[in-house]
Amino acid sequence: MLAPLIGVLLGGLMSMLAQRSAGRALERGEARRSVRELAEARRNERLTHLIEFLSAVQEAERVAVDRYHHNLADEQWTARARQVLDRVWVTQKTIHILCTSEVNEAARSLAWAVQEVIRNGPEDPGEPQDEKVWAHIRPSRQAFLDLVRDQLS
């Protein structure tokens, strides 16, 4: 009579331990999935802001080309230049908040290069000025893109 009772108790205990172990494994799996989802959401947020920064930089390049290749320097161009530089710096500050310090420094270098070429023009006054603008920005843009690619991989 005692053997069946011990068997039932051991069976119940084993079942309870198995359920508890399965519950813990499920909780750990859920926690890992939650961490992965959060990391993916943060990556997507960073990517969105990095693209916004690149868009602002691209617009700033067009402003510089308009000034130095197409000889625009009227009030409308000046207002556009101020607006685009504000956008470049605001998006750069967002990168400072969301990304690593290395990405932030690369973004700052690119923002400075764009600001410098808008305000002072390319170093080489020869023609064609559009190519000189791009040549001025290219090294810092390439460094930024390479670093971001490596960080997002």
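Start by selecting Trp89, which is buried at a relative accessible area of 13% (buried is under 20%, exposed over 50%, partly exposed in between, with a 1.4 Å probe and protein chains only). Before moving on: this is a predicted model, where local features need pLDDT of at least 70 and side-chain atom pairs count only at pLDDT 80 or more, while totals for chains, interfaces and linings use all residues. Residues are numbered from 1 along each chain as its sequence is written, and side-chain values use heavy atoms, leaving out hydrogens and water.

The structure holds two aromatic pairs (ring centres of Phe, Tyr or the six-membered ring of Trp within 6.5 Å; planes under 30 degrees apart are stacked, over 60 edge-to-face, the rest tilted). Select Phe53 and Phe144 for one of them: edge-to-face, 5.2 Å centre to centre, 65° between the planes. Phe53 sits in helix α1 (residues 2-68) and Phe144 in helix α4 (residues 129-152), 91 residues apart; helices here are DSSP runs of H or I, at least four residues, numbered from the N terminus. Both Phe53 and Phe144 are buried.

Trp89 is in helix α2 (residues 75-98) and Trp112 in helix α3 (residues 101-120), so the pair ties together parts 23 residues apart in sequence. Trp112 is partly exposed, at 45% relative accessible area.

Last stop: Met16 in helix α1, exposed at 52% relative accessibility.

Notes:
Helices (H or I, at least four residues) and strands (E, at least two) are DSSP runs, numbered from the N terminus.
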